[in-house]
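Hello,

Here is the structure I promised to pass on to you. Please have a look at it first, and then read my notes below.

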Amino acid sequence: QLLNQPEGLTIDAAHKLITGDSFNGRVAVFNANGSFAFELRDIDSFLTFPTGVAISPGATLTNRTHAQDPNDTNRFVVTDKYNEYVYIYDSDLHPVGATGRIGTGLATSADGDFSSPSSATIDAQGHIYITDYDNSRVNIYDLNGVYLGKLGTPPTTGAIPPDALQSPYGVTVDPSPLHNGRVIVSDSGNSRLSFYNVVFAPPSSPTPPTVTYLFSLNAGGSL
């Protein structure tokens, strides 16, 4: 089970290693001892260049071991960078929704769409964060792929504010209760890590999440 330019990497609760095996057009899953477990390749989707992978905190990824459970709120997410789609599955690799994917595949800058989605992460409440590389932002969705909002979008004109991103590639959520689930983005175009706080409205409210820029770590390691 050779890999060909693996990019994204995550580990599930059973310590399985999960990677976007990009040039092989699949997601490869390995047991903790390095032995091959299974792969995701064209299961109800058409992965061409999977890069980012993410799984809900505390979840274990399995491979169609049972019928789809509508009460399963754990998620596994794959960004298909050059196909311009993001795929959402439950923890047993059943697609969520009609097709299991979000995005138009047209590389637009419209809210909720993306151009070169590169990586993903999922917070403890099931919110999904996708780095939208070419649009210089991070898009936020609920666990069913419904668009909620974004962070880091640079202005179209004028000075670039400190909270603006440029070609973000990686994203993660700090699980520490001391840090209140802050979102950390590898802001590759600005050679820094940018930190944000995101507060969500109740599920019944259509209000977008409130995003607060906190600070950045620049290439020199200073604040």
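A word on burial to begin with: a residue is called buried under 20% relative accessible area, exposed over 50% and partly exposed in between, using a 1.4 Å probe and protein chains only. By that scale, Asp 132 and Arg 137 are both buried. Please keep in mind that this is a predicted model, in which local features need pLDDT of at least 70, side-chain atom pairs count only at pLDDT 80 or more, and totals for chains, interfaces and linings use all residues. Residues are numbered from 1 along each chain as its sequence is written, and side-chain values use heavy atoms, with hydrogens and water left out.

Now to the salt bridges (a side-chain nitrogen of Lys or Arg within 4 Å of a carboxyl oxygen of Asp or Glu). The structure holds nine of these. One of them pairs the side chains of Asp 132 and Arg 137 at 2.7 Å, N to O. Arg 137 also meets Asp 111 in a salt bridge, at 3.9 Å. Because Asp 111 sits in the loop between β8 (101-102) and β9 while Arg 137 belongs to strand β11 (residues 137-141), this pair ties together parts that are 26 residues apart in sequence. Strands here are DSSP runs (E, at least two residues), numbered from the N terminus. Asp 111 has a salt bridge with Lys 150 as well, at 2.8 Å, N to O. Lys 150 lies in strand β12 (residues 147-151), so that pair links parts 39 residues apart in sequence. Lys 150 is partly exposed, with a relative accessible area of 32%.

Next, a residue in strand β14 (residues 183-187), namely Asp 187. Asp 187 counts as buried because its relative accessibility is 0%. Its side chain joins that of Asn 190 through a polar contact of 2.8 Å; such a contact is a pair of N or O atoms within 3.5 Å, where, within protein, one must be able to donate a hydrogen and the other to accept it, and residues adjacent in sequence count only if both atoms are side-chain atoms.

Finally, Ile 55 is found in strand β5. Ile 55 is buried, with a relative accessible area of 9%. Ile 55 and Ser 91 are 36 residues apart along the chain, yet their C-alpha atoms are separated by 7.8 Å. Leaving out residues up to four places away in sequence, the contacts of Ile 55 (heavy atoms within 4.5 Å) include Thr 10, Arg 75 and Ile 122.

Best wishes

Technical notes:
Helices (H or I, at least four residues) and strands (E, at least two) are DSSP runs, numbered from the N terminus.
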